[in-house]
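Trainee: I would like to go through this model term by term. Please set each value against its definition.

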Amino acid sequence: MKTIIAQSFLNALSYLEYRNIIFELIQQGKSTGDEQSDDLLHYSKLNETRMNRLDKTLHVGIESMQGLNSLKHQYYWLVLTEGWCGDAAQLIPIFNKMSNASNNIELKILFRDENKPLMDLFLTNGSKSIPKLIILEKETLQFKGTWGPRPEGATKLIKSYKQQYGVIDNTAKTELQLWYLHDKGLSTQNELTTLMHHLEELTHQTK
């Protein structure tokens with residue numbers, strides 16, 4: 001695992017670099033990733049609009065800001081994603097805002113399909129679900145934990161819908177986007193802040 005993480009990390013992008021690549025590909029009529037289709041291009045364009053909106057409107061709560069700044073160590077949040085992913089469009093701007101609000105967190109981004117060995121280490125119930133946030137100790141790149149691909153409330157919504165209707169269709173996707181809209185990033189902020197402190201407690205207990 002350590003070797004794969006270190007090798008993958010060499011390709012890691014900043015948030016701005018990630019956004020610029022997606023924008024340039026859209027101008028060429030392309031999406032990120034191995035697969036190309038009209039649907040994926042359409043989703044990429046929608047996500048570009050969503051991320052632009054969130055960059056302007058999203059705020060990090062005081063509790064999360066204080067929580068992240070009280071961490072005793074520094075970390076990388078290494079995120080596996082693709083530009084067409086609807087969940088990623090809602091979540092990565094939150095990761096970016098949180099990392100900007102803390103001296104203890106630095107956000108790095110990788111495209112899933114360009115980093116298959118790393119993705120295979122962090123499957124969700126056997127699937128390559130994204131975004132997947134991998135928490136690394138900054139000084140050593142030591143793996144500490146993961147989060148994703150969705151906050152708990154969004155996960156429950158999709159699970160309940162699939163149990164009721166058997167599929168994840170456009171209606172489910174619309175309901176999911178509405179959930180994110182109403183949540184305003186608070187669940188993600190709370191879950192990640194809580195997780196970071198939990199991981200620090202575990203580290204302290206093992207030393």
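Trainee: What is Lys-108 in contact with, leaving aside its neighbours within four places in sequence?

Mentor: Lys-108 is in contact with Phe-9, Ala-12, Leu-13, Tyr-76, Trp-77, Leu-78 and Val-79. Contact means heavy atoms within 4.5 Å. This is a predicted model, where local features need pLDDT of at least 70, side-chain atom pairs count only at pLDDT 80 or more, and totals for chains, interfaces and linings use all residues. Residues are numbered from 1 along each chain as its sequence is written, and side-chain values use heavy atoms, with hydrogens and water left out.

Trainee: Why is Lys-108 called buried?

Mentor: Take the cut-offs: buried is under 20% relative accessible area, exposed is over 50%, and partly exposed is in between (1.4 Å probe, protein chains only). Lys-108 has a relative accessible area of 17%, so the word is buried. Lys-108 is found in strand S2, residues 105–111.

Trainee: What makes S2 a strand?

Mentor: Strands are DSSP runs of E with at least two residues; helices are runs of H or I with at least four, and the numbering starts from the N terminus. The protein has nine helices and four strands. Their order from the N terminus is α-α-α-α-β-α-β-α-β-β-α-α-α.

Trainee: Is Arg-50 buried or exposed?

Mentor: Arg-50 has 19% relative accessibility, so Arg-50 counts as buried. Arg-50 lies in helix H3, residues 38–57. Leaving aside neighbours within four places in sequence, Arg-50 is in contact with Gly-86, Ala-89, Gln-90 and Gln-177.

Trainee: Why is helix H5 described as largely enclosed by the rest of the structure?

Mentor: Count its residues: 13 of the 15 are buried, so H5 is largely enclosed.

Trainee: How do you know that the span of H5 is close to the expected one?

Mentor: The expected span is 1.5 Å times one less than the number of residues. H5 (residues 86–100) has 15 residues, and the expected value is 21 Å. From its first C-alpha to its last, H5 reaches 22 Å. That is close.

Trainee: What sets Leu-141 and Lys-184 apart in accessibility?

Mentor: Leu-141 counts as buried at 19% relative accessibility, whereas Lys-184 counts as exposed at 59%. Leu-141 is in the loop between S3 and S4. Lys-184 lies in the loop between helix H8 (170–183) and helix H9 (186–206).

Trainee: What is the phi of Leu-141, and what is the phi of Lys-184?

Mentor: Leu-141 has a positive phi of about 60°, although it is not a glycine. Lys-184 is not a glycine either, and has a positive phi of about 55°.

Trainee: Which peptide bonds are cis?

Mentor: Among them are the bond from Ile-130 to Pro-131, with omega near 0°, and the bond from Gly-148 to Pro-149, with omega near 10°. Pro-131 lies in the loop between helix H6 (116–121) and strand S3 (132–137). Pro-149 lies in the loop between strand S4 (143–147) and helix H7 (152–165).

Trainee: How do you know that the radius of gyration agrees with a compact globule?

Mentor: The radius is taken over C-alpha atoms, and the globule rule is 2.2 Å times the number of residues to the power 0.38. With 207 residues, a compact globule would be near 17 Å; the protein has 17 Å, so the two agree. Buried residues make up 49% of the 207 residues.
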